[in-house]
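Thanks for coming. Today I will go through one structure, starting with some annotated positions and then turning to the pockets. Please have a look at it first.

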Amino acid sequence: MANVVVVGSQWGDEGKGKIVDWLSERADVVVRFQGGHNAGHTLVVDGKVYKLSLLPSGVVREGKLSVIGNGVVFDPHAFVAEVSKLKEQGVSVTPDRLKIAENTSLILSLHRELDGFREDAASNSGTKIGTTRRGIGPAYEDKVGRRAIRVMDLADLETLPLKVDRMLTHHNAVRRGLGHPEVEHSAIMTELTSVADEILPYMDRVWKILDDKRRAGERILFEGAQGTLLDIDHGTYPFVTSSNTVAGQAAPGSGVGPGAIGYVLGITKAYTTRVGEGPFPTEQDNEVGEFLGTRGREFGTVTGRKRRCGWFDAVLVRQAVAVNGINGIALTKLDVLDGLDEIKVCTGYTLDGELIDYLPASQGAQARVEPIYESLEGWKGTTAGARSWNDLPAQAVKYVRYIEELIGAPVALLSTSPERDDTILVTDPFQD
Ligand code: IMP
(Lines give C-alpha, C1' and ligand atoms only; values in the text may rest on other atoms or scores of the structure.)
Protein backbone atom coordinates (compact mmCIF):
# COMPACT_ATOMS: atom_id res chain seq x y z
CA MET A 1 0.00 0.00 0.00
CA ALA A 2 1.58 3.29 -1.09
CA ASN A 3 1.14 6.07 1.42
CA VAL A 4 1.72 9.45 -0.18
CA VAL A 5 3.62 12.53 0.97
CA VAL A 6 2.76 15.82 -0.68
CA VAL A 7 5.42 18.54 -0.57
CA GLY A 8 5.93 21.93 -2.18
CA SER A 9 8.85 21.84 -4.60
CA GLN A 10 9.41 25.62 -4.71
CA TRP A 11 8.88 28.36 -2.09
CA GLY A 12 5.39 27.29 -1.03
CA ASP A 13 2.04 28.43 -2.42
CA GLU A 14 2.24 25.89 -5.24
CA GLY A 15 -1.41 24.89 -4.77
CA LYS A 16 -0.93 22.02 -2.32
CA GLY A 17 -4.32 22.54 -0.67
CA LYS A 18 -6.30 21.70 -3.77
CA ILE A 19 -4.17 18.66 -4.62
CA VAL A 20 -4.29 17.32 -1.06
CA ASP A 21 -8.05 17.81 -1.03
CA TRP A 22 -8.34 16.00 -4.37
CA LEU A 23 -6.09 13.14 -3.25
CA SER A 24 -7.81 12.86 0.11
CA GLU A 25 -10.78 11.28 -1.63
CA ARG A 26 -8.48 8.27 -2.16
CA ALA A 27 -7.04 8.40 1.39
CA ASP A 28 -8.38 7.39 4.80
CA VAL A 29 -6.17 9.65 6.91
CA VAL A 30 -4.64 13.09 6.21
CA VAL A 31 -1.68 14.14 8.38
CA ARG A 32 0.10 17.48 8.85
CA PHE A 33 3.71 16.87 9.94
CA GLN A 34 5.48 20.28 10.13
CA GLY A 35 4.89 24.01 10.12
CA GLY A 36 1.98 25.68 11.83
CA HIS A 37 -0.62 28.27 11.00
CA ASN A 38 1.92 30.07 8.81
CA ALA A 39 0.70 27.79 6.02
CA GLY A 40 -2.17 28.91 3.85
CA HIS A 41 -4.18 26.34 1.95
CA THR A 42 -7.12 27.45 -0.16
CA LEU A 43 -9.68 24.85 -1.19
CA VAL A 44 -12.52 25.49 -3.60
CA VAL A 45 -15.26 22.89 -3.43
CA ASP A 46 -18.41 23.40 -5.51
CA GLY A 47 -17.66 27.11 -5.65
CA LYS A 48 -17.30 27.38 -1.87
CA VAL A 49 -13.91 28.66 -0.67
CA TYR A 50 -12.26 27.25 2.47
CA LYS A 51 -9.10 28.84 3.81
CA LEU A 52 -7.07 26.60 6.10
CA SER A 53 -3.82 27.36 7.85
CA LEU A 54 -3.44 24.84 10.66
CA LEU A 55 -5.90 22.05 10.00
CA PRO A 56 -5.15 19.29 7.50
CA SER A 57 -6.90 19.83 4.15
CA GLY A 58 -8.74 16.51 4.52
CA VAL A 59 -10.91 18.12 7.18
CA VAL A 60 -13.45 19.32 4.62
CA ARG A 61 -14.12 15.74 3.46
CA GLU A 62 -16.66 13.62 5.29
CA GLY A 63 -15.44 10.31 6.65
CA LYS A 64 -11.71 11.11 6.71
CA LEU A 65 -9.54 11.23 9.78
CA SER A 66 -7.42 14.38 10.06
CA VAL A 67 -4.27 14.38 12.16
CA ILE A 68 -1.97 17.11 13.45
CA GLY A 69 1.38 15.42 14.02
CA ASN A 70 4.03 16.24 16.61
CA GLY A 71 6.21 17.99 13.99
CA VAL A 72 3.70 20.84 13.84
CA VAL A 73 3.90 23.88 16.13
CA PHE A 74 0.38 24.37 17.37
CA ASP A 75 -1.24 27.69 18.24
CA PRO A 76 -4.29 26.82 20.35
CA HIS A 77 -5.97 30.17 19.71
CA ALA A 78 -5.55 29.84 15.94
CA PHE A 79 -6.93 26.31 16.22
CA VAL A 80 -10.07 27.39 18.08
CA ALA A 81 -10.66 30.23 15.60
CA GLU A 82 -10.18 27.99 12.54
CA VAL A 83 -12.47 25.26 13.89
CA SER A 84 -15.21 27.77 14.65
CA LYS A 85 -14.91 29.39 11.18
CA LEU A 86 -15.23 25.96 9.55
CA LYS A 87 -18.25 25.15 11.68
CA GLU A 88 -19.88 28.36 10.43
CA GLN A 89 -19.23 27.09 6.88
CA GLY A 90 -20.99 23.85 7.72
CA VAL A 91 -17.90 21.64 8.20
CA SER A 92 -18.10 19.53 11.31
CA VAL A 93 -14.80 19.29 13.18
CA THR A 94 -15.11 16.87 16.08
CA PRO A 95 -12.64 14.86 18.19
CA ASP A 96 -13.56 11.63 16.41
CA ARG A 97 -12.52 13.18 13.05
CA LEU A 98 -9.49 15.19 14.18
CA LYS A 99 -6.57 14.12 16.38
CA ILE A 100 -3.74 16.25 17.73
CA ALA A 101 -0.55 14.49 18.81
CA GLU A 102 -0.03 14.77 22.55
CA ASN A 103 3.67 15.60 22.03
CA THR A 104 3.02 18.64 19.82
CA SER A 105 4.71 21.89 20.93
CA LEU A 106 2.56 24.96 21.48
CA ILE A 107 2.86 28.45 20.04
CA LEU A 108 1.94 31.01 22.69
CA SER A 109 1.43 34.76 22.51
CA LEU A 110 5.00 35.34 23.67
CA HIS A 111 6.28 33.47 20.60
CA ARG A 112 4.20 35.61 18.32
CA GLU A 113 5.43 38.75 20.06
CA LEU A 114 9.06 37.71 19.85
CA ASP A 115 8.70 36.99 16.13
CA GLY A 116 7.36 40.52 15.68
CA PHE A 117 10.00 42.19 17.93
CA ARG A 118 12.78 40.56 15.94
CA GLU A 119 11.32 41.36 12.54
CA ASP A 120 10.75 44.98 13.57
CA ALA A 121 14.31 45.30 14.86
CA ALA A 122 15.68 43.63 11.73
CA SER A 123 13.77 46.01 9.47
CA ASN A 124 16.08 48.77 10.58
CA SER A 125 19.23 46.75 9.98
CA GLY A 126 18.17 45.17 6.66
CA THR A 127 18.30 41.61 8.01
CA LYS A 128 14.57 40.95 8.05
CA ILE A 129 13.39 37.44 7.07
CA GLY A 130 9.86 38.52 6.15
CA THR A 131 8.24 35.91 8.42
CA THR A 132 4.49 35.51 8.76
CA ARG A 133 4.88 36.82 12.35
CA ARG A 134 2.96 33.84 13.65
CA GLY A 135 5.63 32.85 16.21
CA ILE A 136 6.76 29.82 14.21
CA GLY A 137 10.53 30.32 14.60
CA PRO A 138 10.48 31.11 18.35
CA ALA A 139 8.21 28.10 19.02
CA TYR A 140 10.58 25.72 17.21
CA GLU A 141 13.51 27.27 19.10
CA ASP A 142 11.79 26.41 22.38
CA LYS A 143 11.09 22.87 21.20
CA VAL A 144 14.74 22.24 20.32
CA GLY A 145 15.81 24.11 23.45
CA ARG A 146 13.71 21.64 25.51
CA ARG A 147 11.62 24.32 27.16
CA ALA A 148 8.44 24.09 25.06
CA ILE A 149 4.99 23.54 26.54
CA ARG A 150 3.39 20.60 24.74
CA VAL A 151 -0.26 19.71 24.28
CA MET A 152 -0.06 16.97 26.92
CA ASP A 153 1.14 19.50 29.51
CA LEU A 154 -2.30 21.12 29.45
CA ALA A 155 -3.60 17.98 31.17
CA ASP A 156 -0.97 18.01 33.91
CA LEU A 157 -1.63 21.02 36.08
CA GLU A 158 0.95 19.90 38.66
CA THR A 159 3.97 20.09 36.39
CA LEU A 160 2.67 22.85 34.10
CA PRO A 161 3.82 25.72 36.41
CA LEU A 162 7.36 24.29 36.47
CA LYS A 163 7.42 24.12 32.69
CA VAL A 164 6.17 27.69 32.45
CA ASP A 165 8.95 28.76 34.84
CA ARG A 166 11.57 27.11 32.69
CA MET A 167 10.25 28.73 29.53
CA LEU A 168 9.93 32.17 31.10
CA THR A 169 13.45 32.16 32.52
CA HIS A 170 14.64 32.08 28.93
CA HIS A 171 12.03 34.36 27.39
CA ASN A 172 12.19 37.07 30.00
CA ALA A 173 15.97 37.27 29.63
CA VAL A 174 15.54 37.65 25.87
CA ARG A 175 12.78 40.23 26.28
CA ARG A 176 14.84 42.27 28.73
CA GLY A 177 17.72 42.19 26.25
CA LEU A 178 15.48 43.51 23.50
CA GLY A 179 14.04 46.22 25.78
CA HIS A 180 10.56 44.72 26.14
CA PRO A 181 8.61 44.12 29.36
CA GLU A 182 8.76 40.70 31.02
CA VAL A 183 5.81 38.31 30.91
CA GLU A 184 4.13 37.33 34.18
CA HIS A 185 3.91 33.65 35.08
CA SER A 186 0.22 34.05 35.85
CA ALA A 187 -0.47 35.47 32.38
CA ILE A 188 0.92 32.35 30.70
CA MET A 189 -0.95 30.07 33.10
CA THR A 190 -4.20 31.88 32.30
CA GLU A 191 -3.49 31.71 28.57
CA LEU A 192 -2.94 27.95 28.80
CA THR A 193 -5.77 27.02 31.13
CA SER A 194 -8.26 29.13 29.17
CA VAL A 195 -7.84 26.96 26.06
CA ALA A 196 -7.15 23.57 27.66
CA ASP A 197 -10.77 22.40 27.64
CA GLU A 198 -11.13 23.13 23.95
CA ILE A 199 -7.90 21.35 22.96
CA LEU A 200 -7.68 18.30 25.20
CA PRO A 201 -10.61 16.36 23.70
CA TYR A 202 -8.65 16.19 20.42
CA MET A 203 -5.38 15.00 22.02
CA ASP A 204 -4.28 11.45 21.26
CA ARG A 205 -1.34 9.05 20.80
CA VAL A 206 -0.95 9.75 17.11
CA TRP A 207 1.97 7.37 16.49
CA LYS A 208 -0.24 4.53 17.71
CA ILE A 209 -3.25 5.55 15.64
CA LEU A 210 -1.09 5.75 12.52
CA ASP A 211 0.54 2.41 13.24
CA ASP A 212 -2.86 0.75 13.66
CA LYS A 213 -4.21 2.37 10.50
CA ARG A 214 -1.17 1.33 8.51
CA ARG A 215 -1.38 -2.26 9.70
CA ALA A 216 -5.07 -2.29 8.79
CA GLY A 217 -4.12 -1.32 5.22
CA GLU A 218 -5.61 2.17 5.38
CA ARG A 219 -4.15 4.85 3.13
CA ILE A 220 -2.33 7.76 4.71
CA LEU A 221 -1.76 11.09 3.00
CA PHE A 222 0.95 13.28 4.56
CA GLU A 223 0.37 16.96 3.83
CA GLY A 224 3.47 19.15 3.73
CA ALA A 225 3.31 22.89 4.26
CA GLN A 226 5.52 25.65 2.77
CA GLY A 227 8.03 24.39 0.19
CA THR A 228 11.46 22.83 -0.30
CA LEU A 229 13.25 26.14 -0.75
CA LEU A 230 11.90 27.20 2.67
CA ASP A 231 13.34 24.09 4.37
CA ILE A 232 15.53 24.98 7.36
CA ASP A 233 18.40 22.84 5.97
CA HIS A 234 17.83 22.66 2.23
CA GLY A 235 16.28 26.06 1.58
CA THR A 236 17.61 29.56 0.98
CA TYR A 237 18.88 29.92 4.57
CA PRO A 238 18.41 32.15 6.52
CA PHE A 239 15.35 33.18 4.44
CA VAL A 240 13.49 29.99 5.33
CA THR A 241 10.92 28.74 7.77
CA SER A 242 12.05 26.97 10.95
CA SER A 243 11.08 23.39 10.10
CA ASN A 244 12.15 20.70 7.67
CA THR A 245 9.63 20.95 4.87
CA VAL A 246 11.05 18.04 2.84
CA ALA A 247 9.29 14.69 2.49
CA GLY A 248 11.52 12.80 4.91
CA GLN A 249 10.11 14.93 7.75
CA ALA A 250 6.76 13.16 7.37
CA ALA A 251 8.22 10.27 9.39
CA PRO A 252 9.56 11.96 12.55
CA GLY A 253 6.91 14.67 12.29
CA SER A 254 4.12 12.16 12.82
CA GLY A 255 5.72 9.08 14.37
CA VAL A 256 5.92 6.58 11.52
CA GLY A 257 9.04 4.90 10.15
CA PRO A 258 10.56 5.97 6.84
CA GLY A 259 9.29 2.75 5.24
CA ALA A 260 5.71 3.99 5.70
CA ILE A 261 6.24 6.51 2.90
CA GLY A 262 5.55 5.07 -0.52
CA TYR A 263 5.25 7.92 -3.01
CA VAL A 264 6.46 11.51 -2.87
CA LEU A 265 4.40 13.98 -4.89
CA GLY A 266 6.01 17.39 -5.46
CA ILE A 267 3.51 20.17 -6.05
CA THR A 268 5.00 22.45 -8.67
CA LYS A 269 3.70 25.72 -10.05
CA ALA A 270 4.15 26.29 -13.81
CA TYR A 271 6.10 29.47 -12.91
CA THR A 272 7.72 30.58 -9.62
CA THR A 273 6.61 32.73 -6.68
CA ARG A 274 7.88 33.56 -3.23
CA VAL A 275 6.82 35.75 -0.33
CA GLY A 276 9.14 37.33 2.18
CA GLU A 277 12.76 38.27 1.71
CA GLY A 278 15.59 36.28 0.15
CA PRO A 279 17.11 35.28 -3.19
CA PHE A 280 14.89 34.53 -6.18
CA PRO A 281 17.00 34.11 -9.33
CA THR A 282 14.16 34.14 -11.90
CA GLU A 283 12.18 36.98 -10.29
CA GLN A 284 10.56 39.33 -12.80
CA ASP A 285 10.22 42.67 -11.08
CA ASN A 286 8.55 44.06 -14.22
CA GLU A 287 5.41 43.74 -16.32
CA VAL A 288 5.88 39.95 -16.68
CA GLY A 289 5.86 39.58 -12.87
CA GLU A 290 2.84 41.87 -12.65
CA PHE A 291 1.03 39.79 -15.27
CA LEU A 292 1.74 36.51 -13.46
CA GLY A 293 0.76 37.99 -10.10
CA THR A 294 -2.51 39.44 -11.36
CA ARG A 295 -3.54 36.50 -13.52
CA GLY A 296 -2.44 34.01 -10.85
CA ARG A 297 -4.01 35.99 -7.96
CA GLU A 298 -0.69 35.80 -6.16
CA PHE A 299 -1.50 37.16 -2.73
CA GLY A 300 -0.69 35.27 0.49
CA THR A 301 -3.56 33.27 2.02
CA VAL A 302 -2.32 33.97 5.55
CA THR A 303 -0.85 37.47 5.42
CA GLY A 304 -2.39 38.88 2.23
CA ARG A 305 1.09 39.93 1.09
CA LYS A 306 1.75 40.30 -2.61
CA ARG A 307 3.87 37.40 -3.83
CA ARG A 308 7.01 37.99 -5.89
CA CYS A 309 6.66 36.29 -9.30
CA GLY A 310 9.02 34.97 -11.97
CA TRP A 311 9.68 32.34 -14.62
CA PHE A 312 9.86 28.62 -13.94
CA ASP A 313 13.23 27.68 -12.45
CA ALA A 314 14.11 24.11 -13.42
CA VAL A 315 17.38 24.22 -11.43
CA LEU A 316 15.49 24.63 -8.15
CA VAL A 317 12.83 22.06 -8.91
CA ARG A 318 15.45 19.52 -10.08
CA GLN A 319 17.16 20.01 -6.73
CA ALA A 320 13.80 19.60 -4.95
CA VAL A 321 13.24 16.33 -6.82
CA ALA A 322 16.55 15.10 -5.41
CA VAL A 323 16.27 16.21 -1.78
CA ASN A 324 12.67 15.01 -1.39
CA GLY A 325 12.93 11.87 -3.50
CA ILE A 326 10.03 13.13 -5.62
CA ASN A 327 8.46 10.35 -7.69
CA GLY A 328 6.12 12.58 -9.67
CA ILE A 329 4.87 16.15 -9.70
CA ALA A 330 1.47 17.78 -9.71
CA LEU A 331 1.81 20.74 -12.05
CA THR A 332 -0.45 23.62 -11.08
CA LYS A 333 -1.53 26.96 -12.55
CA LEU A 334 -0.55 26.20 -16.13
CA ASP A 335 -3.58 28.29 -17.17
CA VAL A 336 -1.89 31.43 -15.79
CA LEU A 337 0.48 31.21 -18.78
CA ASP A 338 -2.38 30.99 -21.31
CA GLY A 339 -2.07 33.60 -24.05
CA LEU A 340 1.58 34.60 -23.45
CA ASP A 341 3.55 34.96 -26.70
CA GLU A 342 6.79 33.84 -25.12
CA ILE A 343 7.49 31.75 -22.01
CA LYS A 344 10.94 31.51 -20.46
CA VAL A 345 12.34 28.64 -18.43
CA CYS A 346 15.54 28.79 -16.40
CA THR A 347 17.71 25.78 -17.26
CA GLY A 348 20.94 26.64 -15.42
CA TYR A 349 22.86 29.46 -13.74
CA THR A 350 26.11 31.26 -14.09
CA LEU A 351 27.98 32.04 -10.90
CA ASP A 352 30.90 34.45 -11.21
CA GLY A 353 31.18 33.54 -14.89
CA GLU A 354 31.01 29.74 -14.35
CA LEU A 355 28.15 27.58 -15.54
CA ILE A 356 26.43 25.65 -12.70
CA ASP A 357 23.37 23.37 -12.56
CA TYR A 358 22.49 23.66 -8.85
CA LEU A 359 21.63 26.30 -6.25
CA PRO A 360 24.81 27.07 -4.30
CA ALA A 361 24.46 26.76 -0.53
CA SER A 362 25.91 30.09 0.58
CA GLN A 363 23.77 33.19 0.98
CA GLY A 364 26.21 35.37 -0.96
CA ALA A 365 26.46 32.96 -3.90
CA GLN A 366 22.67 32.52 -4.00
CA ALA A 367 22.30 36.26 -4.39
CA ARG A 368 24.88 36.34 -7.23
CA VAL A 369 23.63 33.53 -9.49
CA GLU A 370 22.38 34.64 -12.90
CA PRO A 371 19.69 32.55 -14.61
CA ILE A 372 20.19 31.11 -18.08
CA TYR A 373 16.89 31.04 -19.96
CA GLU A 374 15.49 28.94 -22.74
CA SER A 375 12.69 30.66 -24.59
CA LEU A 376 9.56 28.78 -25.65
CA GLU A 377 6.68 29.83 -27.82
CA GLY A 378 3.43 30.32 -25.87
CA TRP A 379 0.04 28.92 -26.87
CA LYS A 380 -3.06 30.63 -28.16
CA GLY A 381 -5.82 28.40 -26.80
CA THR A 382 -6.76 27.93 -23.16
CA THR A 383 -5.72 25.25 -20.68
CA ALA A 384 -8.07 26.54 -17.95
CA GLY A 385 -10.58 23.92 -16.91
CA ALA A 386 -9.11 21.20 -19.19
CA ARG A 387 -9.96 17.72 -17.96
CA SER A 388 -7.91 15.62 -20.38
CA TRP A 389 -4.61 15.89 -22.29
CA ASN A 390 -6.59 16.12 -25.51
CA ASP A 391 -8.09 19.42 -24.30
CA LEU A 392 -4.63 21.01 -24.07
CA PRO A 393 -3.08 23.08 -26.89
CA ALA A 394 -0.11 21.24 -28.45
CA GLN A 395 2.31 23.94 -27.38
CA ALA A 396 1.14 23.66 -23.75
CA VAL A 397 1.82 19.91 -23.85
CA LYS A 398 5.27 20.72 -25.22
CA TYR A 399 5.91 23.05 -22.26
CA VAL A 400 4.87 20.35 -19.78
CA ARG A 401 7.07 17.74 -21.49
CA TYR A 402 10.02 20.14 -21.47
CA ILE A 403 9.62 20.72 -17.73
CA GLU A 404 9.49 16.97 -17.08
CA GLU A 405 12.69 16.49 -19.02
CA LEU A 406 14.51 19.33 -17.24
CA ILE A 407 13.56 18.32 -13.71
CA GLY A 408 13.85 14.57 -14.18
CA ALA A 409 10.39 13.69 -12.86
CA PRO A 410 7.09 12.95 -14.61
CA VAL A 411 3.82 14.82 -14.25
CA ALA A 412 1.43 12.63 -12.24
CA LEU A 413 -1.33 15.22 -11.97
CA LEU A 414 -2.14 18.39 -13.83
CA SER A 415 -4.34 21.00 -12.19
CA THR A 416 -6.08 23.38 -14.57
CA SER A 417 -8.11 25.57 -12.21
CA PRO A 418 -8.69 25.96 -8.45
CA GLU A 419 -11.82 23.76 -8.73
CA ARG A 420 -11.50 20.25 -7.32
CA ASP A 421 -12.64 18.53 -10.54
CA ASP A 422 -10.40 20.45 -12.96
CA THR A 423 -7.60 17.94 -12.50
CA ILE A 424 -6.03 15.57 -15.02
CA LEU A 425 -4.79 12.30 -13.53
CA VAL A 426 -1.82 10.71 -15.28
CA THR A 427 -0.53 8.41 -12.55
CA ASP A 428 -2.37 7.64 -9.33
CA PRO A 429 0.15 8.25 -6.51
CA PHE A 430 -1.75 5.78 -4.32
CA GLN A 431 -1.44 2.89 -6.74
CA ASP A 432 0.76 0.07 -5.49
P1 IMP B 1 7.79 31.87 9.10
O2 IMP B 1 7.47 30.49 8.66
O3 IMP B 1 6.58 32.65 9.52
O4 IMP B 1 8.88 31.91 10.13
O5 IMP B 1 8.36 32.68 7.82
C6 IMP B 1 9.62 32.34 7.24
C7 IMP B 1 9.56 32.44 5.72
O8 IMP B 1 8.69 31.42 5.22
C9 IMP B 1 9.00 33.75 5.19
O10 IMP B 1 9.64 34.04 3.96
C11 IMP B 1 7.54 33.43 4.92
O12 IMP B 1 6.98 34.27 3.94
C13 IMP B 1 7.68 32.02 4.42
N14 IMP B 1 6.46 31.21 4.58
C15 IMP B 1 5.97 30.66 5.70
N16 IMP B 1 4.84 29.96 5.46
C17 IMP B 1 4.62 30.07 4.14
C18 IMP B 1 3.62 29.53 3.26
O19 IMP B 1 2.70 28.81 3.65
N20 IMP B 1 3.75 29.86 1.94
C21 IMP B 1 4.76 30.62 1.47
N22 IMP B 1 5.72 31.13 2.25
C23 IMP B 1 5.65 30.86 3.57
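Is D13 buried, partly exposed or exposed? Before I answer, note that this is a predicted model. D13 has a relative accessible area of 23%. The cut-off for buried is under 20%, and exposed means over 50%, so D13 counts as partly exposed.

Where does D13 sit in the chain? It lies in the loop that runs between strand 1 (4-8) and helix 1 (16-24). Setting aside residues up to four places away in sequence, D13 touches K269, T273, V275 and R307.

UniProt, in an unreviewed entry, gives the feature "active site" at D13, H41 and K143. These positions span 131 residues in sequence, and their farthest two C-alpha atoms are 25.9 Å apart, so they do not all gather at one spot. From this set, D13 and H41 are part of the lining of the largest pocket.

Now to H41. This residue belongs to strand 3 (residues 41-45). Its relative accessibility is 4%, so H41 counts as buried. Neighbours within four places in sequence aside, the contacts of H41 include K16, G17, Y50, K51 and L52. Also in contact with H41 are S57, E223, G224, A225 and T301.

The largest pocket has a volume of about 770 Å³. It is lined by 41 residues, and those closest to its centre are I129, T131, T132, V240 and T241. Helix 3 (109-125) and helix 4 (136-144) each contribute at least two residues to this lining. Sorted by class, the lining of the largest pocket holds 14 nonpolar, 16 polar and eleven charged residues.

The second largest pocket comes to about 620 Å³ in volume. Of its 27 lining residues, T42, G296, R297, K333 and P418 are closest to the centre. At least two lining residues come from each of helix 1, strand 3 and strand 4 (48-52). By class, the lining of the second largest pocket has five nonpolar, twelve polar and ten charged residues.

Key:
Residues are numbered from 1 along each chain as its sequence is written. This is a predicted model: local features need pLDDT of at least 70, side-chain atom pairs count only at pLDDT 80 or more; totals for chains, interfaces and linings use all residues. Side-chain values use heavy atoms; hydrogens and water are left out. UniProt positions are given in the numbering used here, feature names are shortened, and annotations may be inferred rather than shown by experiment. On a 1 Å grid over the protein atoms alone, a cavity is a set of points where a 1.4 Å probe fits but cannot get out, and a pocket is an open set with protein on both sides within 12 Å along at least five of seven lines; lining residues have an atom within 4 Å of a point. Helices (H or I, at least four residues) and strands (E, at least two) are DSSP runs, numbered from the N terminus. Buried means under 20% relative accessible area, exposed over 50%, partly exposed in between (1.4 Å probe, protein chains only). Contact means heavy atoms within 4.5 Å. Grid points are joined across faces, edges and corners, and a volume is the space filled by probe spheres set on the points. Ala, Val, Leu, Ile, Met, Phe, Trp, Tyr, Cys and Pro count as nonpolar, Asp, Glu, Lys and Arg as charged, and the others, Gly among them, as polar.
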